[in-house]
Amino acid sequence: MVAYNIVFAGETGVGKSSLINLLFDLEVSPTSNDILGVTEGRKRFIAVQESNVYRLWDTPGLNEGTQGTISTYQVMKELESLFKELDSVDGVHLLVFCFRFTKYFTTGLQRVFESVNASIPNIQVPIVAAVTHADEMRQTPENWWSGTESQRKQKGLIFGGYACVSTLEDEDYPPTPGRREKAKNDMWRLIMKHANPLLPLGSSPKEVNVLLFGQTGVGKSSVVNLIAGRNVAQVSPDAEGCTMSSTEYRFVVGAHHFRIWDTIGLEEPMVEMNTYFNAIMKALQLIRRVAAAGGINLLLFCMPGRRVTRTIQSNYRLFYEMLCEGKVPIGLVITYLEREKDMEDWWVRNSRPLYDYGIKSVGHACVTGLPDLQEKYALSRAAIYGLLTDCDRYGRYIMPRDSLLRRLVRNMEMFVMGGSLPKGEKLTQALMTRGGLKEEDARKLARCLEDSEHEPT
């Protein structure tokens with residue numbers, strides 16, 4: 001899933017972090033997963049604006065040595081590393097150069113700008129100016145900007161656009177109703193106007209196929225709505241203890257065409273033989289649908305923010321290890337975290353126990369599905385989009401039908417309590433009536449299933 005990469009750079013202490021908090025209109029913490037990570041010198045924040053995803057990168061400040069905790073050389077190397085990393089993946093769509101309002105453009109500011117520019121490899125990145133402490137201006141931003149044009153040109157400070165903003169609250173002195181909202185809107189207009197486009201002109205949205213799974217009641221439908229930004233998942237299908245009944249949702253978000261299979265997993269760690277056979281049939285239907293769609297980009301495993309049960313472990317193994325052979329990136333979506341003061345705290349406490357239980361992932365999102373909790377819901381949407389953007393760079397995996405079913409029959413026996421598969425003609429008829437296969441295909445698959453019972457594991 002392509003996302004805008006917006007890099008914030010500038011001198012130490014000019015308010016880059018305050019600008020990012022302004023864009024969210026709340027205090028935010030940096031997000032990190034295992035692919036594009038946060039380092040000591042960089043922080044990443046995920047924002048969703050008008051159905052588009054923005055990665056906001058807060059970088060260490062440059063300084064002449066009086067305030068900076070990292071040397072200018074280290075900062076330049078960090079910036080250069082970030083630009084190269086982003087360019088190799090989705091690209092760098094905009095550089096926001098931040099500096100404090102000033103009457104005179106100094107040589108020091110010029111050097112900071114030159115250092116940032118020197119850190120950009122041979123790529124074309126639009127640069128805009130974010131001027132902080134605009135509350136100190138004694139004239140309109142427009143008059144100040146036009147009046148200092150000759151100074152900027154003399155120093156080589158060339159920008160594609162600008163925004164003069166204050167990060168003060170409305171009630172701060174002097175009290176100014178609407179000040180913060182205006183500043184937030186001005187910054188978003190600047191970013192959206194000048195960022196390079198996500199896709200070339202005339203390109204179609206990128207298709208992203210996601211298999212979302214978990215027990216009934218863990219909040220999968222809420223996660224679908226969270227991604228869509230609206231109610232698209234209304235009713236969950238009945239589970240009745242069987243596996244892989246699924247509902248498909250399609251919607252466009254920004255530059256992406258999503259196909260999400262909301263899939264029910266095992267409801268109990270052990271199932272009856274009839275349930276087991278139903279699972280095989282549902283698996284066949286699911287595999288055919290996924291293959292017709294061109295394969296899967298990502299597995300999303302929904303689990304509640306409670307203790308790890310045997311059912312949770314069984315579902316993880318069924319989908320990740322058995323169905324997808326560990327070849328599809330899997331992300332964890334932890335739901336029902338509305339009672340957490342900071343939802344990410346749950347992951348800090350539980351990531352190690354999950355690993356010990358054998359539940360590994362390339363990323364995670366700690367979320368609530370309650371829209372009434374506006375702040376946490378906004379952070380939840382940002383978290384799920386951050387997870388999707390991180391995992392998008394992998395290719396698709398197509399589940400091989402025959403070999404997968406043979407393996408599935410063998411491996412799923414660990415979930416079965418007694419009984420055996422139907423035999424001979426009964427199995428063929430069951431595959432035709434319940435699996436929707438033609439007679440020739442049903443007989444072929446019946447032989448595969450019967451043979452698999454006698455093969456060594």
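Q: In this predicted model, which residue of β3 does F8 stand opposite?
A: F8 stands opposite D58 in β3.

Q: What makes β1 and β3 a pair of strands?
A: Two strands pair if there are at least two bridges between them. Strand β1 (residues 4–10) and strand β3 (residues 52–58) are joined by 5 bridges, so they count as paired. The two strands run parallel.

Q: Why are β2 and β6 called edge strands?
A: The open sheet of 6 strands has the order β2-β3-β1-β4-β5-β6, with mixed pairing. Both β2 (43–49) and β6 (162–164) pair on one side only.

Q: Which strands of this sheet does helix α1 touch?
A: Helix α1 packs on the sheet and touches β1, β2, β3, β4 (94–100) and β5 (127–132). The direction of α1 makes about 160° with that of β3.

Q: Why does K16 have no salt bridge?
A: K16 lies in helix α1 (residues 16–24) and is buried. A salt bridge needs a side-chain nitrogen of Lys or Arg within 4 Å of a carboxyl oxygen of Asp or Glu.

Q: What makes β11 and β12 paired strands?
A: There are 4 bridges between strand β11 (residues 330–335) and β12, and at least two are required, so the strands pair. They run parallel, and A365 in β12 is the bridge partner of V333.

Notes. Residues are numbered from 1 along each chain as its sequence is written. This is a predicted model: local features need pLDDT of at least 70, side-chain atom pairs count only at pLDDT 80 or more; totals for chains, interfaces and linings use all residues. Side-chain values use heavy atoms; hydrogens and water are left out. Buried means under 20% relative accessible area, exposed over 50%, partly exposed in between (1.4 Å probe, protein chains only). Lys and Arg count as positive and Asp and Glu as negative; His and the chain ends are not counted. Contact means heavy atoms within 4.5 Å. Axes are lines fitted to C-alpha atoms, for helices over the stretch in contact, and angles run from 0 to 180 degrees between N-to-C directions.
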